[in-house]
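Here are some notes on the model you sent.

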Amino acid sequence: MSMLRRPRRNRKSTAVRDLVRETTLSTEDFIFPLFLVSGQNQKVEVESMPGIYRFSADLMLKEVEECLKLGIRAFDVFPAYPEELKDSMATESYNPDTFYLKALRSIKENFPEICLMSDVAMDPYSSDGHDGIVKDGKILNDETLEVLARMSLAQADAGVDILGPSDMMDGRVGFIREELDNAGFTDTSIMSYTAKYASSFYGPFRDALDSAPKFGDKKTYQMDPSNSREALIEADLDMEEGADFLMVKPALAYLDIIQLLNQNFDLPIAAYNVSGEYSMIKASAERGWIDGEKAMIESLLSIKRAGAKIILTYFAKEFALMKG
Ligand code: PBG
């Protein structure tokens, strides 16, 4: 049999496969999301996310320290607020004494070398469980900006490196950029949730934070999973408004969107490998239906291969432990 081209030659041994490998993963690619609760000495596993915990600030410091030793240097902290601290205007989000802001400040003071990210949206603090102010069953766009600006300034003041406006409503990046600059926070970055889809894959995250919407869904602000061209409009706006990074979320069901933005924009592209994507792998691995570690690596590789420079993933620590 004469065949000039035999692609198998480039797969014949580990050494050759390693030479021709196009995509590699490193702990430096990851931002590790962490869930914060109030109180002390708390470390409670999220039921729908095996291996992921809600930490009180004291134990979160230990977790960050442990991760740093493993080579993870970027963290995104999400607070879980008790119902009694929530209200319709999310006022707790910018209360200077609130446990979230205090924890951010202490993490950054203890570990100034890390990259600390936070989420800018009303849902964890909202008695309606929505990302914006609710009036007569509608989610208000412009009126919510003032709350987001206060939240952003409070988080920047606490020492956050990257703010993540995540409500997928209009005009966020520009408004927050201007407020930050006016207050002297010119070095605080913005990672826009550029193409965030109204997805069923956020279920376990909403369990972790008790932040599910109390009525309706998020379809008037998050994108329709059917659409890709609309992501280009969102990305254009985020570019113009001054975003430093563009994010696609979820990641695995939206690899085409990651690729599309990577091909059309010069900003670094981030992808959020969300809670449901994590839990699906964990659940089937627990049943012995798939090899969890291999499925983790394959998923992370696919996200990077699609064009994401940065991956927000609950697998960050597990990946680092495996390498170490
Ligand atoms: C809320 C927010 C969500 C996530 C990150 N920020 C949930 C939502 O939009 O309902 C989801 C993350 C995940 O599922 O891992 N602003």
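This is a predicted model: local features need pLDDT of at least 70, side-chain atom pairs count only at pLDDT 80 or more; totals for chains, interfaces and linings use all residues.

1. By class, the residues around the largest cavity are 9 nonpolar, 4 polar and 7 charged. The lining is made up of 20 residues in total. Those nearest the centre of the cavity are Asp123, Lys196, Tyr202, Phe205 and Lys249.

2. Which elements give two or more residues to this lining? They are β9 (189-196) and α6 (203-209). Of the elements, α6 gives the most, with 3 residues.

3. On number and volume: the count comes to 1 cavity, with 30 Å³ or more as the cut-off. The volume of the largest cavity is about 170 Å³.

4. Next, a helix pair. Helix α2, residues 57-69, packs against helix α3, residues 99-110, at an angle of about 35°. The two axes are 10 Å apart, and the crossing of α2 and α3 is right-handed. On the α2 side the contact is made by Ala57, Met60, Leu61 and Val64. On the α3 side the residues are Ala103, Ser106, Ile107 and Asn110. By class, the contact of α2 with α3 has 6 nonpolar residues, 2 polar ones and no charged ones.

5. For the chain as a whole, the secondary structure comprises 11 helices and 12 strands. Why can the chain be called as compact as a globular protein of its length? Its radius of gyration is 20 Å, close to the 20 Å that the globule rule gives for 324 residues, so the chain is as compact as a globular protein of that length. The C-alpha trace spans about 75 × 45 × 40 Å along its principal axes.

6. The bond from Lys249 to Pro250 is cis, with omega near -15°. Pro250 lies in the loop between β10 (245-249) and α8 (255-264).

7. The last point concerns a backbone torsion. Where does Asn41 lie? Asn41 is in the loop between β1 (30-37) and β2 (43-45). Its phi is positive, at about 60°, although Asn41 is not a glycine.

Notes
Residues are numbered from 1 along each chain as its sequence is written. Side-chain values use heavy atoms; hydrogens and water are left out. On a 1 Å grid over the protein atoms alone, a cavity is a set of points where a 1.4 Å probe fits but cannot get out, and a pocket is an open set with protein on both sides within 12 Å along at least five of seven lines; lining residues have an atom within 4 Å of a point. Grid points are joined across faces, edges and corners, and a volume is the space filled by probe spheres set on the points. Helices (H or I, at least four residues) and strands (E, at least two) are DSSP runs, numbered from the N terminus. Ala, Val, Leu, Ile, Met, Phe, Trp, Tyr, Cys and Pro count as nonpolar, Asp, Glu, Lys and Arg as charged, and the others, Gly among them, as polar. Axes are lines fitted to C-alpha atoms, for helices over the stretch in contact, and angles run from 0 to 180 degrees between N-to-C directions. A crossing is left-handed if the near helix is turned anticlockwise from the far one by less than a right angle, and right-handed if clockwise. Contact means heavy atoms within 4.5 Å. The radius of gyration is taken over C-alpha atoms; the globule rule is 2.2 Å times the number of residues to the power 0.38.
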